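I opened this one to get my bearings on the fold. My notes follow in the order I looked things up.

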Amino acid sequence: MSSSLSICLYCGSSNEVDPSYLDLAKRLGETLANAGIRLVYGGGSVGLMGAAATAAHEAGGSVLGIMPRFLLSQERIFDAVEHRIVETMHERKQMMFDESDAFIVLPGGIGTLEEAVEMLSWARLDLHSKPMAFLDEDEFWKPFFELMGHIVDGKFTPMAFLDLFAHVSTPEDAIEALQVRLDND
Ligand code: AMP
């Protein structure tokens, strides 16, 4: 695994979720750190974001958080790691994209979905070819994949679009799926 790889994480900011989701985020953070992969994320200490970043940092990994100023207190900036403050959500998303080679999407809410779908739509427009892996242990993202299949069945999007992303259930498989796609690029 190349030590210069950076992976952008999109995931939920809620603290109210089942602890199994926080545990998966923690294991992903540890796995990225142990693989020498930098974690790029939204910069917060809350929810799955905080669990992944704290675990990566405590395991000795490199972490970059990118946070819009107006969310500093709400998402509680994790200032023990390198972080950058931007002014808008658009700047945050652009910087997370620019700083990363690939994306992992953990369970999350509307913000997670929005970020992942925007990156997929940019890929659909050939603006980038950075791969994405959806990681869950309980088929959390299954309805999203059903919707994608429905869209493809209706010929709104070509079948090849489905190759842009993987659906995996362990942190190790997420890294492997992204690495295979990066190597084939
Ligand atoms: P959620 O999945 O709703 O908990 O949100 C996950 C993260 O996505 C949070 O840090 C949100 O601030 C962030 N987020 C929501 N919408 C956007 C957006 N348009 N651009 C960048 N980040 C966003």
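I read the elements of the protein chain from the N terminus on, and the order is β-α-β-α-β-β-α-β-α-β-α-β-α. I kept in mind that this is a predicted model. My tally for the protein chain is six helices and seven strands.

Next I looked up overall size. I then checked the radius of gyration, which is 15 Å for the protein chain. A compact globule of 185 residues would come out near 16 Å, so the value agrees with that picture.

I turned to packing. Of the 185 residues, 47% count as buried. I also looked at contacts between residues at least 6 apart in sequence, and 72% of them join residues at least 24 apart.

The protein chain exposes about 8900 Å². Carbon and sulfur atoms supply 53% of that area.

I counted charged side chains too. I noted 13 positive and 29 negative ones in the protein chain. The centres of the two sets lie 3 Å apart.

Last, I picked helix 3, residues 89-98. Which of its residues are buried? I found Arg 92, Lys 93, Met 96 and Phe 97. Down the axis of helix 3, these buried residues fall within an arc of 130°, so they line one face of the helix.

Key
Residues are numbered from 1 along each chain as its sequence is written. This is a predicted model: local features need pLDDT of at least 70, side-chain atom pairs count only at pLDDT 80 or more; totals for chains, interfaces and linings use all residues. Side-chain values use heavy atoms; hydrogens and water are left out. Helices (H or I, at least four residues) and strands (E, at least two) are DSSP runs, numbered from the N terminus. The radius of gyration is taken over C-alpha atoms; the globule rule is 2.2 Å times the number of residues to the power 0.38. Buried means under 20% relative accessible area, exposed over 50%, partly exposed in between (1.4 Å probe, protein chains only). Contact means heavy atoms within 4.5 Å. Accessible areas come from the Shrake-Rupley method with a 1.4 Å probe; for residues, only the protein chains shown count as cover. Lys and Arg count as positive and Asp and Glu as negative; His and the chain ends are not counted. The place of a charge is taken as NZ of Lys, CZ of Arg, CG of Asp or CD of Glu. The arc is that of the directions from the helix axis to the C-beta atoms.
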